Structures are given as C-alpha cells and as structure tokens.
Amino acid sequence: MVLAPKRAALVVIDPQNDFMDPKGRAWPVVGEAVTEQKLIPHLHQLFAAAKASGMVVAISPHHYYHWDHQWKVQGPLEVFQHDIGIFDRKGPYTLEGFEGSGADFLPEFKQYILDGQTIIASPHKLYGPQVNDLSFQLRKQHVDQVIIVGMLSNMCVESHVRDFLEQGFEVAVVRDAIAAPKLPEGDGNLSALINFRYMANGLWTTDETVKMMKR
C-alpha cells in the first residue's frame with residue numbers, strides 16, 4: 001500500500017475515556033496494553049500529522065443508550081459493557097452528563113476531534129461500522145484508503161478492518177496505535193496483529209505512518 005494522503009483518511013476508533021483514561025471503566029482490562037503500546041502519545045502524533053497534511057480524519061465512536069441495555073441477544077463483551085456502563089449516554093439528542101463521562105472523548109484529543117473539520121460518525125453498536133455512517137461519510141470525501149487506529153484491536157478495530165476491506169478500501173493498521181485486553185485466554189492485541197498480517201494492505205508503525213503522511 002502506497003499512501004496517497006489526498007484520498008486517505010485516518011480513522012480513530014473509540015478514543016473515549018472509558019477505554020483510554022486510567023479512571024475509565026474498562027481500564028482494569030485494557031490499561032496494561034494502552035500503556036505498553038504508548039497508545040496516547042502515538043495517537044497524538046498521528047492526529048497532528050494527519051491534520052498537518054490535510055488528510056480526512058474520522059472518529060468511529062461507541063455510545064450506548066438506555067434501550068441498548070434491554071437487548072435480549074448479547075455476547076460476552078456486550079454483557080460486560082452493559083453491566084459496568086461503558087460508553088453510556090442519556091440519549092442521542094442530549095449532551096446532559098456527557099462532558100467528562102466515560103463516553104466522552106479523551107480531553108487530550110479534543111483539540112483535533114472538535115476542530116470543526118473532523119468527521120464524527122454515528123456510533124457503532126457492536127464492533128464494526130456496518131450500522132453507522134462512517135463508510136458513507138468517507139465515500140463522500142472521495143476516500144478510498146483508510147489508516148485505522150484505536151481500540152479494541154481484536155474486536156472493533158479488526159471488525160472495521162474486515163468491513164472496509166470487503167467494501168474495496170485499501171486498509172492500513174498502525175500496529176503500535178491499537179490496544180486490546182489481556183486475559184487468561186490470550187493477548188487480544190497479538191491475536192489481532194496475526195490476522196492483520198494476513199489481511200491488511202499495510203501494517204505500519206506510528207513513525208512510518210507519520211513520515212508517509214508528510215510526503
């Protein structure tokens with residue numbers, strides 16, 4: 001994959017407090033990987049470089065409303081998230097209680113996300129972008145290459161990667177700008193990287209990606 005910044009987008013998945021802040025509800029299971037990967041400083045580098053190059057930047061967030069807690073069919077991660085209230089919001093048409101909540105964006109990233117230029121897609125509900133408007137928004141910007149970063153590597157990130165590939169996008173993953181839980185059953189980040197090596201058009205480091213953005 002040869003990056004063409006004029007037709008590429010940086011897609012950041014779930015840059016939210018519940019995943020990336022030590023006070024977040026999911027920090028006990030993801031904090032080790034976030035720290036090891038130096039995820040926050042790497043995302044800073046990528047946001048800044050993408051903005052400087054004029055690339056499209058898009059956020060694919062995760063938000064849950066009260067009716068989502070009434071799902072009758074759920075998988076293990078869904079049960080976990082609903083039980084502890086990850087990404088909960090009062091509703092789609094109110095910001096009551098949103099500022100500083102677990103569903104809010106990490107404060108360090110707001111300078112990039114809330115600059116009036118970044119696309120904030122409608123929320124994805126499970127893992128992939130099939131039910132939000134992310135792909136539609138990118139197509140409307142003539143984007144056909146995506147650089148994917150964020151969380152969780154083996155769930156939301158991998159699901160976004162697979163869906164974009166199926167839609168015909170060229171897809172790169174920044175291997176040190178993703179993170180996932182480490183559980184007794186295995187390392188989510190490692191399992192995702194193994195699959196990305198087979199599937200992704202590019203598997204780059206942050207430094208490599210920033211250099212390509214500056215060309």
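In the predicted model, Gly 54 is placed in the loop that joins helix H3 (39-53) to strand E2 (56-60). With a relative accessibility of 61%, Gly 54 counts as exposed, because the threshold for that class is over 50%. The C-alpha atom of Gly 54 is separated by 27 Å from that of Met 199, a residue 145 positions away along the chain.

A pair of aromatic rings is described by the distance of the centres and the angle of the planes. The count of aromatic pairs in the model comes to six. One of them is formed by Phe 47 and Phe 109, whose ring centres lie 5.3 Å apart with 45 degrees between the planes, an arrangement classed as tilted. This pair links distant parts of the chain, since Phe 47 belongs to helix H3 whereas Phe 109, 62 residues apart from it, lies in the loop between helix H4 (76-84) and helix H5 (110-113). Phe 47 is buried, with a relative accessible area of 0%, and Phe 109 is likewise counted as buried at a relative accessibility of 0%.

A further pair involves Phe 47 and Tyr 112, for which the ring centres are 5.0 Å apart and the planes meet at 5 degrees, so that the pair is stacked; the limit for this class is under 30 degrees. Because Phe 47 lies in helix H3 and Tyr 112 in helix H5, the pair ties together parts that are 65 residues apart in sequence. Tyr 112 has a relative accessible area of 13% and is therefore buried, the limit being under 20%. Through ring pairs, Phe 47, Phe 109 and Tyr 112 are linked into a cluster.

Charged side chains are also found over aromatic rings. Arg 89 lies over the face of Phe 98, at 5.0 Å from the ring centre, and the charged end of Arg 139 sits over the ring of Phe 169, at 3.8 Å from its centre.

In soluble globular proteins, nonpolar side chains tend to be buried together. The largest nonpolar core in the model has 42 residues, and those with the most contacts inside it are Leu 10, Met 20, Leu 46, Phe 47, Met 151 and Met 213. Helix H3 gives the most to this core, with seven residues. A second, separate core of 25 residues includes Ala 121, Val 157, Phe 169 and Ile 178. When residues up to four places away in sequence are not counted, Met 151 touches, among others, Ile 13, Phe 19, Met 20, Val 34, Leu 39 and Val 157.

Key. Residues numbered from 1 in each chain as written. Predicted model: local features only at pLDDT ≥ 70, side-chain atom pairs only at ≥ 80, totals over all residues. Heavy atoms only, no water. Helix = DSSP H or I, 4+ residues; strand = E, 2+ residues; numbered from the N terminus. Buried < 20%, exposed > 50% of the residue type's maximum accessible area, 1.4 Å probe, protein only. Phe/Tyr/Trp six-rings, centres within 6.5 Å; stacked < 30°, edge-to-face > 60°. Lys NZ or Arg CZ within 6 Å of the ring centre and 35° of its normal. Core = buried A, V, L, I, M, F, W, Y, C linked by side-chain atoms within 4.5 Å. Contact = heavy atoms within 4.5 Å.
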